[in-house]
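This note comments on the aromatic side chains of the structure shown below.

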Amino acid sequence: MGQIVYDVHYQTTTAFLISYYFYLTGLSAGSFMISTLSYGFGFEKFKPAGKIGVVAAVLLLLLAPQFLLMQVAWPIKSVWNHFVYLNPISAMTYGAFLLMLYPINSIIYGIFMFKENKKWTKFFGTIGIPLALAVHGYTGWILALGVARDYWNTGLMPIVFLFSAMVSGISMMILLIMIRDRFFTESHEINYDLIYALAKILGWLLVVDLFLVFCDYSVLLYSKLEGQEVAHFMLFGRMSFGFVVMENLVGKIIPLIIVMVPKFRENNYLLILAAIMNMIGILAMRIVTVYGGQVLPLM
Amino acid sequence: HAAYQREDGIVMVDPHRCVGCRYCMAACPYEVRYIHPQKGIIDKCDFCSHRVDEGLQPACVEACPTSARIFGNLNDSQSEVSRLIATKAVQNLKTDMGTGPRVYYIGLDQATMEIKREVEFVWDK
């Protein structure tokens with residue numbers, strides 16, 4: 001609007017720090033979900049992923065808000081003001097409290113897990129699942145509430161964010177479990193049962209993720225003019241390398257083929273490549289969504 | 001709670017509450033918010049509220065050589081702004097966003113804006 005009526009250019013917010021914050025929160029939520037597969041839902045097969053999952057989840061979620069604080073011009077005031085000038089109808093209030101609650105809950109859950117206390121591990125794991133969904137769903141939700149931006153303003157946004165969180169989290173878990181088993185165990189043997197089970201989940205989540213992207217873009221392409229423009233911008237414009245090549249080809253389609261074809265999946269190097277590519281692709285997705293979603297001038 | 005509306009309708013940013021997260025910049029349908037380079041908080045046009053409080057006109061209104069900008073009380077039907085709105089073809093921007101805008105443009109038709117956009121829109125190429 002500013003650009004059109006007044007010939008003044010819109011000052012883009014520092015989107016990269018926000019992208020990293022979203023990315024790390026996603027990785028954290030994803031690895032937390034994997035750790036609850038055995039300790040919350042009782043799938044014994046995934047038990048070896050429990051402890052490493054919760055450690056990764058806690059460390060990543062302690063790191064993630066640091067990027068948020070770097071982005072905010074007044075970091076200490078930003079924490080303080082959330083309590084002093086509490087606004088119950090602000091979406092960001094809930095995000096801030098989730099960012100504080102979720103790591104605390106994860107730490108308690110982790111402590112009980114390391115103490116082998118099954119009952120309380122399950123209890124805090126069960127509380128942690130909706131918290132993990134909320135803390136990452138929130139990142140998509142806060143973008144969806146940016147009503148002026150057609151790319152963000154869709155109810156699909158939190159769901160898209162949750163699925164990309166889970167795929168990137170699983171990819172990270174595959175890599176972490178491989179490293180742990182190979183270098184930090186006495187037998188040096190990788191638990192392939194677990195790795196392939198994770199790879200299969202990754203494959204199906206990638207299918208859902210690609211379907212969601214298809215839904216989002218097909219609706220955008222048929223929506224009003226601003227929506228069409230931003231979809232063109234992503235598919236054919238300046239963002240197309242990030243969106244088409246990095247996010248979808250490198251990040252989703254090639255890893256999907258690798259994890260779905262048994263011959264490729266059982267090749268260790270290809271599986272590692274798929275996991276790394278997927279993690280890079282999801283980082284590209286965060287940058288494309290946060291930066292690309294706001295860079296076009298509004299009408 | 002940093003953004004608020006004064007009783008006279010002017011939307012302001014409370015410098016003590018704003019922490020400079022920049023979310024409102026991205027969310028603003030008019031793209032008029034910016035981060036103050038020194039203070040690190042959000043700023044926007046506040047119709048020179050410090051001047052308005054003293055009974056003066058906003059600086060841009062006073063400085064405009066062709067008197068293209070008129071500022072006044074919309075509640076007063078005798079004021080110049082009210083008279084212009086009542087007699088001229090005026091338009092608000094983006095009323096569909098539910099912002100209840102109180103800036104009126106005389107003779108700003110859709111065609112003018114769309115032509116401008118076609119010229120400016122180079123992102124797709």
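**Note on the aromatic contacts**

1. At 15% relative accessibility, F124(A) is classed as buried, because the cut-off for that class is under 20%. The model discussed here is a predicted one.

2. F124(A) pairs with F123(A) in an edge-to-face arrangement, with 5.1 Å from centre to centre and 85° between the planes. F123(A) has a relative accessible area of 40% and is therefore partly exposed.

3. Both of these residues belong to a cluster in which ring pairs also link F112(A) and W120(A).

4. How many aromatic pairs does the whole structure hold? The search over all chains returns 17. One of them joins F83(A) and F97(A): the ring centres are 5.4 Å apart and the planes stand at 85°, so this pair is edge-to-face.

5. Where do the two partners F83(A) and F97(A) lie? F83(A) is part of helix α4 (residues 75–84) of chain A, while F97(A) is part of helix α5 (residues 91–114) of chain A, so the pair ties together parts that are 14 residues apart in sequence. F83(A) is partly exposed at a relative accessible area of 48%, and F97(A) is also partly exposed, at 26%.

6. The charged end of K77(A) is placed over the ring of W74(A), at 5.0 Å from the ring centre. For R182(A), the charged end sits over the ring of F183(A), and the distance to the centre is 5.9 Å.

Definitions and conventions. Residues are numbered from 1 along each chain as its sequence is written. Chains are lettered from A and ligands numbered from 1 in the order in which they are written. This is a predicted model: local features need pLDDT of at least 70, side-chain atom pairs count only at pLDDT 80 or more; totals for chains, interfaces and linings use all residues. Side-chain values use heavy atoms; hydrogens and water are left out. Rings of Phe, Tyr and Trp (its six-membered ring) pair if their centres lie within 6.5 Å; planes under 30 degrees apart count as stacked, over 60 as edge-to-face and the rest as tilted. Helices (H or I, at least four residues) and strands (E, at least two) are DSSP runs, numbered from the N terminus. Buried means under 20% relative accessible area, exposed over 50%, partly exposed in between (1.4 Å probe, protein chains only). A charge sits over a ring if NZ of Lys or CZ of Arg is within 6 Å of the ring centre and within 35 degrees of the ring normal.
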